[in-house]
Amino acid sequence: MIVPEYWAEARREVRHNRKQLIVRRFGWSDESVAAAQAHADARAQDALHAIADGQALPRSERRTNYGVDGVPIREQIVERHGDIVLTRNSYGALCLNTPDVLFADIDHRPLPSGCVIPSLLAAALWAVVAIAAGNLWNGMVGAGLASVVLVAVNAVVLMVKRARHRDEQLEAGALARVEQFTRQHPGWHLRAYRTPAGMRVLAMHSTFSAQDPEVHALFQALQTDALYARMCRVQNCFRARLTPKPWRIGMRRRIRPPVAAWSAEQAFLPGRLQWIADYERKAQGHAACRFLKAFGDERRVDAKADVVRALHDRIARAYEPLPLG
């Protein structure tokens, strides 16, 4: 896991095959902006030569915060606790990043919405009603009545599907998968937390590399969010959001700049600092997750995992009776 303190960007431009070739690359460092710029310059020059030699490389790197191959996590560093790094993400929430303490993120399926009737069935229903009503009255009336009937039937089907889609049932299913995994792996100790859109699981008995086969097996068994699993592999770390999402606690304004403030100039803009102060005040009334249950051999507690657990539970307010955000 790499979460650099300093960032820079370099641009290189040459004529190649009678065309202008422009390459941009990021650089990073924990030493200084100058060292980050030197790193960016070297990466841009290497990429320029490689592309000129025919390698299929991108001309520039996306301005994303994490999850990109070859570029580390680019977020404002708020605190360091050894190799545990707290960052502020692109929408302003605090996140815990750890190289070896395993978190798994599980998102429940979203509520059904929109048209939930299969397309062919919907088309057939509309046609039958339209033809029948058209024979009784006229084509325009038939088409209008068919549309009304289709909307009504879809509303009924949607209501039934939503009734079956209960958070309690989805959470029970997710907890059952955790319990089954610990039965199959009796040496494991897992803690489950409720989140606003699902659940997160923390492994307590050992530390892991994000590349370990055991991690992949856990992610598959628990049906971990695919985007989160990919981020773990790419960045060689695990991650958990510690504070509420702003829109869930009534923050109408977005944090600026919305690029996770990867420079000191961005991080300390007055407008940004004011937004953070407002956000932290509103966040006091919400928790990021709530502890549910421990599974497996609770006697097995790795010292590093317990440090992460204590930090996570305190900042996420996992034991406080607060609404989740």
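Which residues form one aromatic cluster with Trp7? I found Phe26 and Trp28 in that cluster with Trp7.

**Entry 1: ground rules.** I am working on a predicted model, where local features need pLDDT of at least 70, side-chain atom pairs count only at pLDDT 80 or more, and totals for chains, interfaces and linings use all residues. Residues are numbered from 1 along each chain as its sequence is written, and side-chain values use heavy atoms, with hydrogens and water left out.

Entry 2: The charged end of Arg74 sits over the ring of Phe26, 4.1 Å from the centre. Arg74 also lies over the face of Trp7, at 5.0 Å from the ring centre.

**Entry 3: aromatic pairs.** I noted that a pair of aromatic rings is described by the distance of the centres and the angle of the planes. Rings of Phe, Tyr and Trp (its six-membered ring) pair if their centres lie within 6.5 Å; planes under 30 degrees apart count as stacked, over 60 as edge-to-face and the rest as tilted. I have nine aromatic pairs listed for the structure. Tyr193 and Phe291 make an edge-to-face pair, with 5.6 Å centre to centre and 70° between the planes. This pair links distant parts of the chain, 98 residues apart: Tyr193 is in strand β7 (residues 189–195) and Phe291 in strand β10 (residues 290–296). Helices (H or I, at least four residues) and strands (E, at least two) are DSSP runs, numbered from the N terminus. Tyr193 counts as buried because its relative accessibility is 0%; buried means under 20% relative accessible area, exposed over 50%, partly exposed in between (1.4 Å probe, protein chains only). Phe219 and Tyr228 are also edge-to-face, at 6.0 Å centre to centre and 65° between the planes. Phe219 is buried at 7% relative accessible area, and Tyr228 is buried at 8%.

**Entry 4: cores.** I took a nonpolar core as a set of buried Ala, Val, Leu, Ile, Met, Phe, Trp, Tyr and Cys residues joined through side-chain atoms within 4.5 Å. The largest has 49 residues, of which Leu102, Phe219 and Phe238 touch the most other members. Helix α9 (residues 303–316) supplies the largest share of this core, five residues.

**Entry 5: strand β9.** From β9 (residues 238–241), Phe238 and Ala240 point one way and Arg239 and Arg241 the other, and all are buried. I found β9 paired with β5 (residues 94–98) in the antiparallel sense over four bridges; two strands pair if DSSP finds at least two bridges between them. Cys95 has Arg241 as its bridge partner in β9.

How values were computed. Lys NZ or Arg CZ within 6 Å of the ring centre and 35° of its normal.
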